[in-house]
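I opened this model to look up strands, cores and salt bridges. My notes follow in the order I took them.

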Amino acid sequence: MIPFLEFIHLAKNYGSLSALTEVSFLVERQSVVALLGPNGAGKSTLFGCLLGLVHPTAGRIALRGQPITDADRVRFGYVSERVALYPQRTVLENARLFARLKGQTDAEATRQLERVGLASLGHRRAGQLSKGMWQRLGLAIALCGEPELLVLDEPFNGLDPVLLDTLRTILRAENRRGATLLISTHTMSAVEPLATHVAILLEGRLAAYGELHDVRRANGGDSLEAAYHHIARQRHPVAQAKEAA
């Protein structure tokens, strides 16, 4: 069976710096992949290659066995760690503008604002939103058009427990609908209830990949965070000891 998404020997160099080296793994349709790693591990570069923002030095990414096209990427939803919006425009204007760029209607923009709890703030300027509301507006835009792939970069940052629970409820609903999710995060306890698979990047290389329960069991941890630290210590025991100190 052809995998939904496949990273094949992906590499990216910036001069003498190797951001990604020979990264290969498969993403099954309707899975939820937690992408983990410290700052500088290559997570954002991987997302950039997937979204067409970064051109890989070597390797490729395939969607259903074929090279990804711009038409394919219209069916993706992306929420970056720093969502780019127009702060002087209203919440509704931002949602409608970006929805139209994706070929979606104003009604779809309004529907997604309702889902994330921002419909009542439609006439407020985006620049007046809190960080959590700003992130929710980015999520509403990403959800427009029922994307088949959701790519989320640190979506749990700055969320209080209520908003975190709301976000996870929305993401579960999207997954049940049929969406595949790629979630990069340092907040392992937040992503663990959602994840079906785990990919761990260390210094641009894939250190581990597999189903969540397999990764936990193979690395002696009752939690994703414990398994992650076990893998990181095996690769970089000195660095982990300094971090713990």
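I take helices (H or I, at least four residues) and strands (E, at least two) as DSSP runs, numbered from the N terminus. This is a predicted model, so I keep its rules in view: local features need pLDDT of at least 70, side-chain atom pairs count only at pLDDT 80 or more, and totals for chains, interfaces and linings use all residues. Residues are numbered from 1 along each chain as its sequence is written, and side-chain values use heavy atoms, with hydrogens and water left out.

**Entry 1: salt bridges**

I count a salt bridge when a side-chain nitrogen of Lys or Arg is within 4 Å of a carboxyl oxygen of Asp or Glu. The structure holds 10 of them. For cover, I call a residue buried under 20% relative accessible area, exposed over 50%, and partly exposed in between (1.4 Å probe, protein chains only).

I began with D214 and R217. Their closest N and O atoms are 2.6 Å apart. Both sit in helix α8 (residues 212–218), and being 3 residues apart they are separated by about one helical turn. An α-helix has 3.6 residues a turn, so residues three or four places apart point the same way. D214 is partly exposed at 29%, while R217 is exposed at 59%. I also found that salt bridges with shared partners join R96, R100 and D106 into one network.

D106 lies in helix α4 (residues 106–115) and R96 in helix α3, so the pair ties together parts 10 residues apart in sequence. Relative accessible area is 25% for D106, which is partly exposed. R96 is also partly exposed, at 30%.

Then I checked E148 and R64. Their side chains meet in a salt bridge of 2.4 Å, N to O. E148 is in the loop between α5 and β7 (149–153), and R64 is in the loop between β4 (58–63) and β5, so the pair ties together parts that are 84 residues apart in sequence. E148 is buried, at 14%. R64 is partly exposed, at 41%.

**Entry 2: strands**

I call two strands paired if DSSP finds at least two bridges between them. Where does strand β3 (residues 32–36) stand, enclosed or open? 5 of its 5 residues are buried, so β3 is largely enclosed by the rest of the structure. V32, A34 and L36 cover one side, V33 and L35 the other, and all are buried.

β3 pairs in the parallel sense with strand β8 (residues 180–184) over 4 bridges. There, V33 has L182 as its bridge partner. β3 also pairs in the parallel sense with strand β9 (residues 197–202), over 4 bridges. In that pairing L35 stands opposite A199.

I then traced an open sheet of 4 strands. The order is β2-β1-β4-β5, with antiparallel pairing. Its edge strands are β2 (17–27) and β5 (66–67), each pairing on one side only. Strand β1 (residues 5–14) and β2 share 7 bridges in the antiparallel sense. L10 of that pairing stands opposite V23 in β2.

**Entry 3: cores**

I define a nonpolar core as a set of buried Ala, Val, Leu, Ile, Met, Phe, Trp, Tyr and Cys residues joined through side-chain atoms within 4.5 Å. The largest has 53 residues, and those with the most contacts inside it are L137, I183 and I200. Helix α5 (residues 131–143) gives the most to this core, with 7 residues. A second, separate core of 26 residues includes L20, A41, L46 and L182.

Which residues does I183 touch? I count a contact when heavy atoms are within 4.5 Å. Leaving out residues up to four places away in sequence, its partners include V32, V33, A34, L35, F156 and L194.

**Entry 4: helices**

Helix α1 (residues 43–51) is mostly covered, with 8 of its 9 residues buried. Among the buried ones are K43, L46, F47 and C49. G52 follows α1 and has a positive phi, near 80 degrees.

R168 is in helix α6 (residues 161–177). Is R168 buried or exposed? R168 is buried, with a relative accessible area of 16%. Again leaving out residues up to four places away in sequence, R168 touches F156, S189, A190, P193 and L194.
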